[in-house]
Amino acid sequence: MSSESVVIIGGGPAGLEVARGVAELGTPAVIVEQAAFLGGTPIAENYAALTPNFESAEVAMGRMIDRVNSNPLAEVRLESQVTACDGEAGDFRLTMTGPDGESTLECGAVVVATGFQHFDPGRETQMYGYYEFPDVLALQDLEAMLKEHNVVRPSNGQPPERICFVQCVGSRDRHIGNEYCSKVCCGVASKEAIEVRQQLPDCKVFIFYIDMRMYGYWENQIYWPAQEQYHVQYVKGIITEVLQKGDKLLVRGEDTTMGRPMEVLMDMVVLSVGMEPSRGTREMAKVLGIAQNKYGFIDAANPPLDTVSTSREGIFACGAALAPADLEDTVSSAGAAAMRAVVCARAGAGAAAR
């Protein structure tokens, strides 16, 4: 592999888009992915459909994977990890471990596309009982049920009659240090609420929210259809506790519109967990020697007009490795990172030739 190539760490939506862009610009691209498959979190977590267009996650990711696999300038190394990085922009040497042992990759630029992980509801300071009650789920748990068209209560295998979503679990919470908004949870919860109503038309669905944050076109694409077409009920309130009561879940909190305490019985509770930097993002920041922000995401060096450069020249980042991001923002920043990485790699190779 020549120093004119670009190495992309991570094979999810961001990494796939970077690899496609780099290869289509005529520069060799290498994806280094620690898992045994491509597709990232949408595949690993069994997403049913993407937000906001409801396309099958498997179909959408399959299309991205095919574009990479069909390009002769793109190479994929699965079950592999970068363990060290030497050199400088235009002439990096990465040490990598994989199924065949340790090897070295030479490249002109590196793109970090290591994504995010879902917030662990067990760390929440509110008493939601995620690990205590089987009918308390997280967004990704419900995604897997929706994918299988088998939305049932884990406690008894029966379809639920009443489901509620609890927003901002692990986001906008100073007590746990995640003051930021995760941006996607309101939209994903609304998408899942619609899917529940499509699969279980008799199930009543509620969303308890602090305030709904629908960015861009999501308001017309998801929020209003959820209410007007699928009769999802949005309740402005703060949920503080979930308890078992008989074979139901007692959801306790405050209706902030009415200014009064609230207790409602549900069959299932879905926690809208936020986004945190993945373990891979944290590890690669240390291996590559690039700065992280206070939350552990990769720190963009020159925002707001340059969102993909990092603190180390020649190393770029994109997608949810930088901050919470939806798929549209993820793919957009991946395109920017691909362009910048190709320019850097070619400039470095040219300088070396001179």
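The second largest pocket holds about 330 Å³ of space. Keep in mind that this is a predicted model.

- What kinds of residues line the second largest pocket? Sorted by class, its lining has eight nonpolar, four polar and three charged residues.

**The cavity**
- How many cavities of 30 Å³ or more are there? The count comes to one.
- The largest cavity has a volume of about 70 Å³.
- Its lining includes four cysteines, namely Cys168, Cys181, Cys185 and Cys186.
- The serines Ser171 and Ser182 line the largest cavity too, along with Val184.
- Arg172, Lys183 and Arg213 complete the lining of the largest cavity.
- By class, that makes five nonpolar, two polar and three charged residues around the largest cavity.

**Helices α5 and α6**
- Helix α5 covers residues 185–199 and helix α6 covers residues 218–228; the two pack at an angle of about 45°, and their axes are 9 Å apart.
- Because of that angle, α5 is oblique to α6.
- Is the crossing of α5 and α6 left-handed or right-handed? It's left-handed.
- On the α5 side, Gly187, Ser190, Lys191 and Ile194 do the meeting, and their partners in α6 are Trp218, Ile222 and Ala226.
- The residues in this contact of α5 with α6 split into four nonpolar, two polar and one charged.

**Helices α1 and α3**
- Helix α1 (residues 13–24) packs against helix α3 (residues 57–69) at an angle of about 35°, with 9 Å between their axes.
- The crossing of α1 past α3 is left-handed.
- Which residues make the contact? From α1 come Pro13, Leu16, Glu17, Ala19 and Arg20, while α3 brings Met61, Met64, Ile65, Arg67 and Val68.
- The contact of α1 with α3 has seven nonpolar residues, three charged ones and no polar ones.

Definitions and conventions
Residues numbered from 1 in each chain as written. Predicted model: local features only at pLDDT ≥ 70, side-chain atom pairs only at ≥ 80, totals over all residues. Heavy atoms only, no water. Axes fitted to C-alpha atoms, helices over the stretch in contact; angles between N-to-C directions. Helix = DSSP H or I, 4+ residues; strand = E, 2+ residues; numbered from the N terminus. Parallel < 35°, antiparallel > 145°, perpendicular 65-115°, else oblique. Left-handed = near helix turned anticlockwise from the far one by under 90°. Contact = heavy atoms within 4.5 Å. Nonpolar A, V, L, I, M, F, W, Y, C, P; charged D, E, K, R; others polar. 1 Å grid on protein atoms, 1.4 Å probe; cavity = no way out; pocket = protein on both sides within 12 Å on 5 of 7 lines; lining within 4 Å. Points joined across faces, edges and corners; volume = space filled by probe spheres on them.
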